[in-house]
Amino acid sequence: MLCLFDLDGTLIDSEHGIVACVKHALAKLDVPAPSQEELRDWIGPPLRHSFAPLLDHDPLRIDAAVEYYHERFHTDGWREHEIYPGIETLIQRLLDSGHQLAVVTSKPQRHAAPIIAHLPFGDAFLRLYGPSPNSAHSEKASMIAAALADFDVRPEQTVMIGDRRFDIEGAVANDVRGIGVLWGFGSRTELEQAGASAIAATPDELAALLTA
C-alpha cells in the first residue's frame with residue numbers, strides 16, 4: 001500500500017515555528033497578530049489563504065507577508081518542531097509491513113525538504129509533494145493525483161493520512177481512503193465532516209488501521 005503523510009500536525013508538531021514566523025511577518029507589516037488559539041488554525045491551510053483577511057486581501061501586502069514569513073522560516077522556523085511520540089515506531093512498522101511512504105504537504109517543497117532530511121526516519125519517504133510557494137490553494141488533491149501517477153498505484157491501494165480537512169478532502173477527490181489523526185491541529189468533527197474513512201487518536205491506532 002502507498003501511505004501518503006501530511007507533515008505539520010501529523011508527523012511533527014510545528015506550532016512554535018509556524019506561529020513565530022507568522023508573528024514575525026505581521027510585525028514587519030505593523031499588523032497585530034491574532035491570539036495564539038487563532039494562530040493554531042493557520043497550521044495546515046496555505047499561508048496566502050490565512051494572511052488575506054488580515055491584509056484586506058491586498059495582493060502586494062500578502063506577497064510581502066509571505067516573503068517575511070519565509071525569511072524567518074529559512075533561518076530558524078524549519079528547526080522549530082518536535083516529532084510526535086510514537087511516530088518513529090509507526091514509520092518503522094509500516095516499512096516492515098512492506099508499505100511505500102511519501103509526504104504530501106501544504107508546505108512549499110523548499111521548506112519541507114530540509115525538515116524531512118533531518119528526521120531520523122526521513123529516508124523512509126520515497127517522494128515529497130509540496131505546492132508552489134505562490135499558491136493560495138491547498139493543492140492536496142492535485143498532489144495526491146501526482147503521487148498515484150508517480151507510484152503507478154490505484155486509489156484503493158492508497159491512503160492519505162492527515163490532521164486537517166484539506167488532507168481528507170484531497171483524498172476524497174481522488175477516491176483515496178483518508179484517515180484523520182487527532183494529535184495534530186484539527187478536530188474529530190472537522191475530519192468527519194470532510195469525509196474521513198477512519199480516525200486515529202494515537203499512532204498505535206493508526207498503525208493498527210494500516211497494518212491490519
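**Note on the sheet, its helices and selected residues**

1. Strand 4 (residues 100-104) and strand 5 pair in the parallel sense, over four bridges. Strands count as paired if DSSP finds at least two bridges between them. Within this pairing, V103 stands opposite L128 of strand 5. Helices (H or I, at least four residues) and strands (E, at least two) are DSSP runs, numbered from the N terminus.

2. This is a predicted model, in which local features need pLDDT of at least 70 and side-chain atom pairs count only at pLDDT 80 or more, while totals for chains, interfaces and linings use all residues. Residues are numbered from 1 along each chain as its sequence is written, and side-chain values use heavy atoms, with hydrogens and water left out.

3. The sheet is open and has six strands in the order 5-4-1-6-7-8, with parallel pairing. At its edges are strand 5 (125-129) and strand 8 (198-200), each pairing on one side only. On average, neighbouring strands of the sheet are turned by 25° against each other, direction ignored. Axes are lines fitted to C-alpha atoms, for helices over the stretch in contact, and angles run from 0 to 180 degrees between N-to-C directions.

4. Which helices pack on the sheet? Helix 7 (residues 140-151) does, touching strand 1 (2-5), strand 4, strand 5 and strand 6 (158-162), and its direction makes about 145° with that of strand 5. Helix 8 (residues 165-173) also packs on the sheet, where it touches strand 6 and strand 7 (177-181), at about 170° to the direction of strand 7. Contact here means heavy atoms within 4.5 Å.

5. A search of the whole structure finds four aromatic pairs. One of them is F5 with F125: the ring centres are 6.2 Å apart and the planes stand at 75°, so this pair is edge-to-face. Because F5 lies in strand 1 and F125 in strand 5, the pair ties together parts that are 120 residues apart in sequence. Rings of Phe, Tyr and Trp (its six-membered ring) pair if their centres lie within 6.5 Å; planes under 30 degrees apart count as stacked, over 60 as edge-to-face and the rest as tilted. F5, F121 and F125 form one aromatic cluster. F5 is buried at a relative accessible area of 0%, and F125 counts as buried at 9%. Buried means under 20% relative accessible area, exposed over 50%, and partly exposed in between (1.4 Å probe, protein chains only).

6. Y69 and F73 form a stacked pair, because their ring centres are 5.9 Å apart and their planes are at 15°. Both residues lie in helix 4 (residues 59-75), four residues apart, about one turn of the helix. Y69 is buried at 5% relative accessibility, as is F73 at 2%.

7. D30, although not a glycine, has a positive phi of about 55°. D30 sits in the loop between helix 1 (15-28) and helix 2 (36-40) and is exposed, with a relative accessible area of 70%. D152, also a residue other than glycine, has a positive phi near 55°. D152 is found in the loop between helix 7 and strand 6 and counts as exposed at 69% relative accessibility.

8. In helix 10 (residues 203-211), the buried residues are P203, L206, A207 and L210. Seen down the helix axis, they fall within an arc of 100°, so they line one face of helix 10; the arc is that of the directions from the helix axis to the C-beta atoms. These buried residues pack against strand 1, helix 5 (87-96), strand 6, strand 7 and strand 8.
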